[in-house]
Amino acid sequence: MGGINLSVHPLFFVFGFYYALTGKIFIFIIYTVCAVIHELGHSIVAANAGYRLNKITLMPFGAVVSGNIDGLKPQDEIKIALAGPFLNLAIGLFFVATWWIYPESYAFTDVVAEANFSMALVNFIPTAPLDGGWVVSALLKDKFGEKKAQKLVKILCVVFSILLAAGFILTMFSECNLSLLLFLLFVLFGAFGKNKENRYIKLYTALTVEKLKRGMDIKRQALHQSATVKKMLSILDINAVNEIVVYDDQKRVGYLTESAINDLIEKGDIYAPLSKYI
């Protein structure tokens with residue numbers, strides 16, 4: 001997937017088997033595609049902050065991504081978290097608008113629209129590993145610090161899990177809703193698993209032998225010394241040899257080679273101006 005690793009969690013197969021038994025495998029496939037698109041929405045915004053999607057792990061009710069985003073400000077974390085559900089909302093609204101123009105398309109696209117709206121609304125729930133949980137975590141981290149924020153988010157997760165468990169138990173007295181149980185497992189796994197492996201990894205533009213054998217363009221760009229490392233990250237081309245020429249108001253004051261850029265990405269503060277490292 002264009003350098004993105006795709007893995008599948010065992011719970012995903014369980015959920016797929018359940019949908020196959022109930023004759024809803026086509027719906028399952030649609031929701032799976034929506035989940036991947038959802039995560040790609042996160043990756044687009046994350047790339048602008050200097051991070052890239054490293055791996056997608058498909059799970060029931062969604063997907064998680066690997067890496068970490070330590071060092072990002074809360075407002076950037078919130079933007080990344082909301083990008084996925086907002087992309088799903090946009091896709092859902094696109095199909096609704098299409099129905100006004102081509103009403104006959106409703107029969108073929110209603111499930112796709114429903115899947116995208118459902119994916120968006122579910123991810124607004126304020127508990128990890130859903131996007132709403134990451135938004136709450138970012139807000140709490142800014143006020144209470146990271147450790148206390150993580151504890152508070154996990155408390156929310158426990159409360160939400162209890163409600164899901166209660167809902168599942170109630171359905172056992174009528175028509176057992178296995179989806180609630182699987183959703184409960186998804187929430188618990190995401191919230192109490194290895195959280196730092198469920199995020200993003202810093203964009204890294206090191207040269208590889210494979211890329212050089214195929215041939216690479218050299219991309220030279222200019223930035224003012226007041227531009228931040230984050231701004232530089234957003235304009236880098238991962239498929240090219242990057243060079244950055246740094247200027248002040250009148251003349252060139254520095255030059256960053258590919259190697260220097262990589263060192264800066266690994267060790268630098270992404271919110272600091274380039275002048276700090278020239």
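Predicted model: local features only at pLDDT ≥ 70, side-chain atom pairs only at ≥ 80, totals over all residues.
**Figure 1. Helix α3 (residues 74-101) and helix α5 (residues 131-144) pack at an angle of about 170°, with 9 Å between their axes.** Residues are numbered from 1 along each chain as its sequence is written, and side-chain values use heavy atoms, leaving out hydrogens and water. The angle makes α3 roughly antiparallel to α5 (under 35 degrees is roughly parallel, over 145 roughly antiparallel, 65 to 115 roughly perpendicular, the rest oblique). Axes here are lines fitted to C-alpha atoms, for helices over the stretch in contact, with angles from 0 to 180 degrees between N-to-C directions. Helices (H or I, at least four residues) and strands (E, at least two) are DSSP runs, numbered from the N terminus. On the α3 side, look for P74, E77, I78, A81, L82 and P85. They meet D131, W134, V135, A138, L139, K141 and D142 of α5 (contact means heavy atoms within 4.5 Å).

**Figure 2. Here α3 (residues 74-101) packs against helix α4 (residues 106-123).** Their axes sit 8 Å apart, at an angle of about 155°. That is why α3 and α4 count as roughly antiparallel to each other. Helix α3 brings P85, N88, L89, I91, G92, L93, F95, V96 and W99 to the contact. From α4 come Y106, T109, D110, V112, A113, N116, F117, M119, A120 and N123.

**Figure 3. Next up, α5 crosses helix α6 (residues 146-171).** The two axes come within 8 Å and cross at roughly 145°. G133, V136, S137, L140, K141 and F144 are the α5 residues in the contact. Their partners in α6 are E146, K148, A149, L152, V153 and L156.

**Figure 4. F86 and F124 make an edge-to-face aromatic pair.** Their ring centres are 5.9 Å apart, with 70° between the planes (Phe, Tyr and six-membered Trp rings pair with centres within 6.5 Å; planes under 30 degrees apart are stacked, over 60 edge-to-face, the rest tilted). F86 sits in helix α3 and F124 in the loop between α4 and α5, so the pair ties together parts 38 residues apart in sequence. Searching the whole structure turns up three aromatic pairs.

**Figure 5. Three strands make an open sheet in the order β6-β7-β8.** The pairing in the sheet is mixed (strands pair if DSSP finds at least two bridges between them). Strands β6 (217-224) and β8 are at the edges, where each pairs on one side only. From one strand to the next, the twist averages 20°.

**Figure 6. Zoom in on the hairpin formed by β7 and β8, with four residues between the strands.** Strand β7 (residues 240-247) pairs with β8 (residues 252-256) in the antiparallel sense, over four bridges. To follow the pairing, find I244, which stands opposite L256 in β8. Then find V245, which is opposite Y255 in β8.
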